[in-house]
Amino acid sequence: MTATASEQTTAPRPADAGGGRPLRLIFTRYTIGSIIAGVATEATLLLTYGLALLGPEAASIAAWIVGAVVNYTLSRRWAWGRRGRQRLPRELLSFWAISVATMALSAWATGLAHRVGPRLFEPLEHGMLRVAFVGAVFLAVYGMLFVVKFVVFHYFVFAGSGDGTEPGDPRRDVARLLARRSRHQVPTTTRENR
């Protein structure tokens, strides 16, 4: 007994941000990418500030630049599977606006930690304890914004199929329909037994 055409077709999946990838996979890859970007960022901050090459705000900005490039590349290509041309207003500008806001907040927080730290903790006047305190404050800002950034990236910045179409785009619906039809045109007698 064969199934009718209506039984064989499945309802189209709702538009998702990961191009069909499970949310768990996207979040895991985003987390790993964020850790890699965080290590690059923190290393840049500690080297430039710790060696007194830059002040706390400038070191924070330099660290942000390194981390943002790493984070954008890993998030777009590896976590969300976006390929091809970048969508300027929604993807590129939104990502960098969120990143700049994060950078501004971290630069302000590290500058504050640099000024307030010695007053709070006497040993922080000079040396490695002060660098460690500023580094911890810098890392705390990124940690607090981790989940907020994921939600914004997933549901706004990288929302779409990953194939250059927007959710609700007729080209995307046609592509799904054609893919579904091509699977159901093969007679059941020639399909692989499962």
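Tyrosine 72 is buried, its relative accessible area being 7%, in a model that is predicted. Phenylalanine 95 likewise counts as buried, at 0% relative accessibility. The ring centres of tyrosine 72 and phenylalanine 95 lie 4.7 Å apart with the planes at 65 degrees, and because planes over 60 degrees apart count as edge-to-face, the pair is placed in that class. Tyrosine 72 belongs to helix H3 (residues 56-79) and phenylalanine 95 to helix H4 (residues 88-120), so that the pair links distant parts of the chain, 23 residues apart.

**Overall architecture**

The secondary structure consists of six helices and zero strands, and the pattern read along the sequence is α-α-α-α-α-α. Of the 194 residues of the protein, 35% count as buried.

**Aromatic pairs and the aromatic cluster**

A search of the whole structure finds 19 aromatic pairs. One of them joins phenylalanine 27 and phenylalanine 150, whose ring centres are 4.9 Å apart and whose planes stand at 90 degrees, so this pair is edge-to-face. Phenylalanine 27 lies in helix H2 (residues 23-50) and phenylalanine 150 in helix H5 (residues 128-157), and the pair therefore ties together parts that are 123 residues apart in sequence. Phenylalanine 27 counts as partly exposed, at 33% relative accessibility, whereas phenylalanine 150 is buried, with a relative accessible area of 8%. Phe27, Tyr72, Phe95 and Phe150 are among the members of one aromatic cluster, which also includes Tyr30, Trp64, Trp80, Trp96, Phe146, Phe153 and Phe158.

| Helix pair | Packing angle | Axis separation | Crossing |
|---|---|---|---|
| H2 and H3 | about 160 degrees | 8 Å | right-handed |
| H2 and H5 | about 155 degrees | 10 Å | right-handed |

Which orientation do H2 and H3 have to each other? The angle between H2 and H3 is about 160 degrees, and because angles over 145 degrees count as roughly antiparallel, H2 and H3 are assigned to that class. The residues of the contact of H2 with H3 divide into 18 nonpolar, nine polar and one charged. For the other pair, H2 and H5 pack at about 155 degrees, which makes H2 roughly antiparallel to H5 as well. The contact of H2 with H5 is made up of 16 nonpolar, six polar and three charged residues.

Alanine 37 is placed in helix H2 and counts as buried, at 5% relative accessibility. From C-alpha to C-alpha, alanine 37 and alanine 68 are 7.3 Å apart in space, although 31 residues separate them in sequence. Alanine 68 is one of the buried residues of H3, a list that also includes Pro56, Ala59, Ser60, Ala63, Trp64, Gly67, Asn71, Tyr72, Ser75, Arg76 and Ala79. As background to such a list, an α-helix has 3.6 residues a turn, so residues three or four places apart point the same way.

**Nonpolar cores**

The largest nonpolar core has 13 residues, and those with the most contacts inside it are Tyr30, Trp80, Phe95, Phe153, Val157 and Phe158. The elements that give two or more residues to this core are H2, H3, H4 and H5, and the largest share, four residues, comes from H5. Another core lies apart from the largest one and has eight residues, among them Leu45, Ala59, Ala113 and Phe138. Of the residues with the most contacts inside the largest core, Tyr30, Trp80, Phe95, Phe153 and Phe158 also belong to the aromatic cluster described above.

Where is alanine 52 placed? Alanine 52 is in the loop between H2 and H3, and it is exposed, with a relative accessible area of 65%. The phi of alanine 52 is near 60 degrees, a positive value in a residue other than glycine. Most residues other than glycine have a negative phi. Just after H3, glycine 81 also takes a positive phi, of about 65 degrees.

Definitions and conventions
Residues are numbered from 1 along each chain as its sequence is written. This is a predicted model: local features need pLDDT of at least 70, side-chain atom pairs count only at pLDDT 80 or more; totals for chains, interfaces and linings use all residues. Side-chain values use heavy atoms; hydrogens and water are left out. Rings of Phe, Tyr and Trp (its six-membered ring) pair if their centres lie within 6.5 Å; planes under 30 degrees apart count as stacked, over 60 as edge-to-face and the rest as tilted. Buried means under 20% relative accessible area, exposed over 50%, partly exposed in between (1.4 Å probe, protein chains only). Axes are lines fitted to C-alpha atoms, for helices over the stretch in contact, and angles run from 0 to 180 degrees between N-to-C directions. Angles under 35 degrees count as roughly parallel, over 145 as roughly antiparallel, 65 to 115 as roughly perpendicular and the rest as oblique. A crossing is left-handed if the near helix is turned anticlockwise from the far one by less than a right angle, and right-handed if clockwise. Ala, Val, Leu, Ile, Met, Phe, Trp, Tyr, Cys and Pro count as nonpolar, Asp, Glu, Lys and Arg as charged, and the others, Gly among them, as polar. A nonpolar core is a set of buried Ala, Val, Leu, Ile, Met, Phe, Trp, Tyr and Cys residues joined through side-chain atoms within 4.5 Å.
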